[in-house]
Number of protein chains: 2
Amino acid sequence: MFDRESQFRALFHPGAVAFIGASNKPRKWGSIILNNMVVGGYSGRIYPVNPAEAEIQGFKAYAGIVDIPEIPDLAVIVVPPAAVPGAVDACCAKGVKAGVVITAGFAEVGPDGAKLQEEMVRKARLGGMILVGPNCNGIMRPPANLYIAMPPVFPPPGKLAVVAQSGNVATSIARRIMKAGFGCSCFISSGNEADLHCEDYFSFLADDPETEVILSYVEGFRDGRRFFDKVREVSKKKPVVMLKSGSTEAGAKAAASHTASLAGSDLAFEGVCAQAGVIRAMDMDEMVTIATGIIGQPLPRGKRIGIVTAGGGWGVLAADACVKMGLDVANLPDDTLAELDSFLPAWWNRGNPVDLVAGLKQEDLGTSLEVLLRCPVIDGVIVLGIMPALPFEPMPRVLTQEYIDRRIASMIKVIVEIYDQFTEMARRYGKPVIVSSEMPFSVGDFESRLSIALGGRGCACYPAPEDAALVMAGLHRYARYVHGDDMRG
Amino acid sequence: MFDRESQFRALFHPGAVAFIGASNKPRKWGSIILNNMVVGGYSGRIYPVNPAEAEIQGFKAYAGIVDIPEIPDLAVIVVPPAAVPGAVDACCAKGVKAGVVITAGFAEVGPDGAKLQEEMVRKARLGGMILVGPNCNGIMRPPANLYIAMPPVFPPPGKLAVVAQSGNVATSIARRIMKAGFGCSCFISSGNEADLHCEDYFSFLADDPETEVILSYVEGFRDGRRFFDKVREVSKKKPVVMLKSGSTEAGAKAAASHTASLAGSDLAFEGVCAQAGVIRAMDMDEMVTIATGIIGQPLPRGKRIGIVTAGGGWGVLAADACVKMGLDVANLPDDTLAELDSFLPAWWNRGNPVDLVAGLKQEDLGTSLEVLLRCPVIDGVIVLGIMPALPFEPMPRVLTQEYIDRRIASMIKVIVEIYDQFTEMARRYGKPVIVSSEMPFSVGDFESRLSIALGGRGCACYPAPEDAALVMAGLHRYARYVHGDDMRG
């Protein structure tokens, strides 16, 4: 039999893949997924299996798995449900270690499907094969150029792993990650989880050097106790950000018919999160905001937050959000106020949030941030609006394309330098610095170019003040789990 | 004395503007705002007032307001605080009907500033002049090409009016509106509200033919009773979507030093919203989502929602969100199920959400929507994912620029047609149709071009299923206020 490690290696780093149910008909999943795999740049051997074809999308086709001239590591299975157990049998006989079962029509459609699903799993386990799915939209392993999935979405390699009990939600999360300029280490649409459960993927990802943060969407747990025990261990190694649906009766009903999930109560899940160190997100946007925001940040030792803002209203919104999320907006001690007095204009508000709104020099934002980071009663700092740190340039009366191009390039350069400076300070003081800022020049493809420039260095930026508070609260929650009693506040 | 109508006409449709404190120094607000006004395309007369200059940014400058060769309708005031009451005096003497006081340093900085502010208001009221501000970042009236504001942000004309007690938040809201492809009828940064309060702007906007929805950010109320009485009347004419901050102690403290606001409790505000028909938003993104989403939608007669989804997980998330926001996910009656049975594949889930995930024809999404709209126990429909209605096109192995351009153009054309079809159905059945969908081809400037194409027709599209529920809940809340006892559920 194969050990778990070699099975997962076969799943995510296959040297050869059997594609059972590959097709030349462009609208069939057996065609679309194979095409995505090729577009994605997979560099191993591909063996389409389809007795009706001699060649599929340029690859020699095989009548049966038995006919493939080597032992494939991985099988992708897209044949109709009734044929799946037989295909799994043939894979086991061949020595295939892992399978991705795309096919739907199992436990989610009723008792007959459930029986078929059980048969499939029994065969796989007897033969030493792990299975993803069924009723899933695939897997991706961007660092290995492996894109075996329904949607034509190709996240670049990165540090974020996505595990979701819904293919569409998995894709939605991946799209948000890409939009933020980040990439994925792994993408798993876990489907009905007949064999591997989400907690099995977590265990793999906990020791996966490509992964820094795990993002997971769950509709229900196959085995609540096992999930809890495993995720508690995983959280000690890496943060898990989780979105749980099905907490209302209507949602639970929809989840049952979707992936045959038993949803469980919201309260029970909140307890699981608290005890297992899981950072809970309430929707997909929150999930990606938290996951991209916490990458590379030092963990706070308490919940006392300093806020530097380039706009009064943003400061009010962030202060409200911090308190509502369980953080404290720190009272600044006299010596910190005196330090700020030494360079801020006389009419500054002398409080936290530190409102920089008027009469500033370009370096004052960074200096204010550093004063707060140095302050002993502050555990982390939120910066709202980097505009004061940008060089001033009057708005031209006419916007030429040449001006736009030059301005975009110079702005991106300056903004990246500001982020690098903030990152360096966060590391030096061992306190997280979370930035929320709108960008003053949203013309052309400025925003997507900036996201890529920042995301590539592991830096996230959100336009909403509340998002910065959300990330900080997530970091604090996770730190409390990791540091335990060693927290200050 | 001038009546309120002519004062507001002077404010938003001035034929001539005095710019008191105009400057040639590029970093001064007196230069930046004047420049923005010119860039924005204001076509009336501009009279810079500055005794030290002969010409400012190409305009003849005047030593005093008295020297201007006509009576300006509006005065923009950016001189230091101590000089503002005198400037207001001079404006009144000249016969100016309205002023925008950008200058800060009044009630928000303490008792001395408060006294100065009172003096300024007393003079203005004596002279029959209305004042915006002080401590604000300006006003915009895009339908009149009037952009008198600090940030270089130029929302196109549209149906959304923004009134905010924070200039930065006002700008943040405007940026979100533009990103959604929509435009503004009015933009008011109300600052300290020394003279005009937000409820005065609401009253103007209630009868303003350019405005369909009012978006408002408030930190506190100058006169709670007056606010409540006015907004209750305004809500009968137009929906007001409101974000209120300062509900925590830390937030209230920040609000006091920001715009001298008394924040008041969250619970009291919730009560005000319920009794005055205000649609409450919890952050800026929610605000813009709701405001853009409700434009042009028929009001629902009850809270029973139908959901058509192209992805199971999205359906679960939307069902949860509907229930959490006080809506019902309707149980489909037998004849509706039978109608859906007649064209959906045998394995469809036979429930609400209607999950279209497999084996569809392109027209099945529209047909399913229409079946739900026809269903007598459904008051509104949420559509999640328009992908099934798009023509299938296999992913090319290499993406050329020519392919991308052609694909973007053809996709936008098809998507606009789908939206037009949905809009027509919503009108025909008198029930709202809210669409949340990701877009299958997020390459190049596809998303911003699509936003502009859709926003220009008053159509909004959000990627998150919860956003559709949020818009529907907002519509339902507003409908309950407008229809009163005449609601079904």
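Trainee: What ground rules apply before we start?

Mentor: It's a predicted model, where local features need pLDDT of at least 70, side-chain atom pairs count only at pLDDT 80 or more, and totals for chains, interfaces and linings use all residues. Residues are numbered from 1 along each chain as its sequence is written, chains are lettered from A in the order in which they are written, and side-chain values use heavy atoms, with hydrogens and water left out.

Trainee: How are chain A and chain B related?

Mentor: Copies are superposed by least squares on the C-alpha atoms of residues with pLDDT of at least 70 in both. Here a rotation of 180° with 0.0 Å of shift along its axis puts chain A on chain B, at RMSD 0.0 Å. The two copies are thus related as by a two-fold rotation axis. A:Asp445 is the residue of chain A that comes closest to that axis, its C-alpha lying at 3.4 Å.

Trainee: How do I read the size of an interface?

Mentor: It's often given as the accessible area lost when the parts come together. We use a 1.4 Å probe and sum the loss over both parts. For chain A and chain B that's about 5,000 Å², with 56% on carbon and sulfur atoms. On the chain A side, A:Phe392, A:Met395 and A:Arg397 lose the most area, together 13% of what that side buries.

Trainee: How many residues of chain A are in contact with chain B?

Mentor: Contact means heavy atoms within 4.5 Å, and 67 residues of chain A touch 67 residues of chain B. The copies meet through the same surface, because 99% of the interface residues of chain A are also interface residues in chain B.

Trainee: Which domains does chain A have?

Mentor: Bounds come from an automatic or database domain assignment, which gives domain 1 (1-137), domain 2 (155-295) and domain 3 (296-486). The centres of domain 1 and domain 2 of chain A, over C-alpha atoms, are 24 Å apart. Those two bury about 1,500 Å² between them, 55% from carbon and sulfur atoms. A:Phe8, A:Phe12 and A:Asn137 supply 33% of the area domain 1 buries there, more than any other three residues. Two salt bridges join these domains.

Definitions and conventions. A salt bridge is a side-chain nitrogen of Lys or Arg within 4 Å of a carboxyl oxygen of Asp or Glu.
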